Amino acid sequence: MFYLLENLYYLAGTVNAMDLRLHACAYSFHTLPFKTSFTPPPFFLFRLQVVGSCRALVNGKMSIIEPGDLLIYRPGEPYHLEVEEMDGKIESGDYYLLCEGSWIEEWWKAQSRPIQQRIHMDAGMLSLWQQLYIEQHRIVQRNPELIRHLLCALCLSLDRLAVDAVSRQDPEGRSNELVVLMRRYINVNALRRLRVEEVAKAAGLSVSRAVHLFKKLTGFTIIRYTQEIRLSNAMERIRYTDLSLENIAGTCGFGTYSYFHKVFKARYGISPKEARNRPPDSMLEGNYVIPGGDQNLSGLSEDARKFLTT
């Protein structure tokens with residue numbers, strides 16, 4: 001967080017002079033088969049898988065995309081996405097955005113960037129993406145300067161998370177790598193019944209070693225971290241889908257609705273029902289939906305609207 005604040009202070013004096021534009025920012029959730037192919041986008045396209053799985057065109061072939069997979073397409077890079085049945089269910093949720101400008105171009109050129117990379121879905125990064133979504137869709141008092149700052153901060157945080165996820169340079173590099181393996185396993189499997197023994201096995205560790213190492217390097221117990229992933233997924237579905245609260249509790253790994261209600265209220269200070277009745281500003285009015293997809297597309301620039309709907 002201090003890293004992001006430092007960069008925000010720096011950006012405060014520079015972003016205004018830069019040609020930086022956010023054309024669209026949305027959360028998309030699919031429970032039915034879905035396909036989309038864009039002509040080569042004239043913008044940078046970012047897509048972060050947060051729930052379920054899908055397939056996307058990466059380096060000329062269709063690849064499986066799972067929670068924690070970040071896709072970044074340069075302007076002109078072909079894009080194709082398919083949501084289909086996997087492991088007996090159809091479910092895919094992601095954040096995506098379209099942007100362009102000199103700051104993004106310089107950020108892109110600063111290092112070698114693959115189209116697909118795995119990052120840790122840090123709560124701070126997800127909060128930035130959610131705030132960017134809300135500001136982009138705000139009907140009253142929309143703040144373009146704040147949107148630019150949030151977009152820059154998001155890019156910088158993605159860099160930090162990608163480095164953290166693969167870093168082996170420090171003396172505890174091997175330990176970090178093992179924790180990354182455990183977090184990755186939890187991110188993919190958190191929404192089903194999950195045992196600590198499975199998480200430890202994914203990293204090739206004993207249960208006692210896994211529990212100690214995970215808590216030491218993340219500050220969370222394995223159980224608490226798993227619960228955070230479940231609650232985060234539940235909150236996304238409450239805000240952006242019409243699924244019943246009981247269905248959300250069951251599909252997010254909670255045994256009963258009463259238990260879900262208890263831990264949700266303890267975490268957020270409000271009940272699941274109260275959370276559903278407090279939608280983000282973008283859900284209040286002016287929404288635009290592409291037929292055939294569960295995508296909320298209010299807050300689009302005219303250029304992005306033409307690109308996404310033609």
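Trainee: What makes Glu106 and Lys109 of helix α2 count as exposed?

Mentor: Glu106 and Lys109 lie on the other side of α2 and are exposed, a word that requires over 50% relative accessible area, with under 20% called buried and the range in between partly exposed (1.4 Å probe, protein chains only). The model is predicted, so local features need pLDDT of at least 70 and side-chain atom pairs count only at pLDDT 80 or more, while totals for chains, interfaces and linings use all residues. Residues are numbered from 1 along each chain as its sequence is written, and side-chain values use heavy atoms, without hydrogens and water.

Trainee: Which residues of α2 are buried?

Mentor: Trp103, Ile104, Trp107 and Trp108 are buried. Seen down the axis of α2, the buried residues fall within an arc of 135° (taken from the directions from the helix axis to the C-beta atoms), so they line one face of the helix.

Trainee: Why is the aromatic pair of Phe264 and Tyr268 called tilted?

Mentor: Rings of Phe, Tyr and Trp (its six-membered ring) pair if their centres lie within 6.5 Å; planes under 30 degrees apart are stacked, over 60 edge-to-face, and the rest tilted. Phe264 and Tyr268 are 4.8 Å apart centre to centre with 50° between the planes, hence a tilted pair.

Trainee: Why is Phe264 called buried?

Mentor: Phe264 has 0% relative accessibility, so Phe264 counts as buried. Tyr268, at 28%, is partly exposed.

Trainee: How do you know that Arg113 lies over the face of Trp107?

Mentor: Arg113 is 3.7 Å from the ring centre of Trp107; the rule asks for NZ of Lys or CZ of Arg within 6 Å of the ring centre and within 35 degrees of the ring normal.

Key: Helix = DSSP H or I, 4+ residues; strand = E, 2+ residues; numbered from the N terminus.
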